[in-house]
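Visitor: Could you take me through this protein, please? I would like to begin with its charged side chains.

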Amino acid sequence: MAVADEIREKLQAAFDPTVLEVVDDSESHRGHAGFQEGGESHFNVRIVAEVFGPMTRVARHRAVHKALGDITGRIHALALDVSG
């Protein structure tokens with residue numbers, strides 16, 4: 001399974017978001033640290049879920065990282081836009 005699909009599955013299951021966008025942005029980092037041929041190294045994620053409403057920005061990011069588990073150790077970069 002592609003990493004982007006794993007990210008989508010885990011975030012959907014954990015937060016039941018109203019908006020979930022996962023973009024593999026690896027190609028735009030060609031030549032930079034962490035780039036892997038074939039992609040799946042740099043991701044941009046936008047997620048909107050009610051559960052994030054009362055959380056601070058740091059708490060939101062921690063919750064996303066916790067939900068993703070070992071995926072964060074297999075990629076180089078994860079840009080997050082998280083809101084409630």
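Guide: The side chains of R46 and E21 form a salt bridge, with N and O 3.4 Å apart; the term means a side-chain nitrogen of Lys or Arg within 4 Å of a carboxyl oxygen of Asp or Glu. R46 belongs to strand β2 and E21 to strand β1, so this pair ties together parts that are 25 residues apart in sequence. Strands (E, at least two residues) and helices (H or I, at least four residues) are DSSP runs numbered from the N terminus.

Visitor: What kind of model is it, and how are residues numbered?

Guide: This is a predicted model, in which local features need pLDDT of at least 70 and side-chain atom pairs count only at pLDDT 80 or more, while totals for chains, interfaces and linings use all residues. Residues are numbered from 1 along each chain as its sequence is written, and side-chain values use heavy atoms, leaving out hydrogens and water.

Visitor: Back to R46: which residue does it meet in the salt bridge at 3.9 Å?

Guide: That partner is D81, the distance again being from N to O. R46 is in strand β2 and D81 in strand β3, so the pair ties together parts that are 35 residues apart in sequence.

Visitor: Is R46 buried, exposed or partly exposed?

Guide: R46 is partly exposed, at 33% relative accessibility. Buried means under 20% relative accessible area, exposed over 50%, and partly exposed in between, with a 1.4 Å probe and protein chains only. E21, at 39%, is also partly exposed, and so is D81, at 41%.

Visitor: In what order do the strands sit in the sheet?

Guide: The order is β1-β2-β3, in an open sheet with mixed pairing; two strands pair if DSSP finds at least two bridges between them. The edge strands, each pairing on one side only, are β1 (19-24) and β3 (77-83). Strands β2 (residues 42-48) and β3 run parallel and are joined by seven bridges. Within these strands, I47 stands opposite V82 of β3.

Visitor: What holds strands together in general?

Guide: Strands of a sheet pair through backbone hydrogen bonds, either parallel or antiparallel.

Visitor: And how many salt bridges are there in the whole structure?

Guide: A search finds five. One of them joins D5 and R8, whose closest N and O atoms are 2.9 Å apart. These two residues are three apart in helix α1, which means that about one helical turn separates them.
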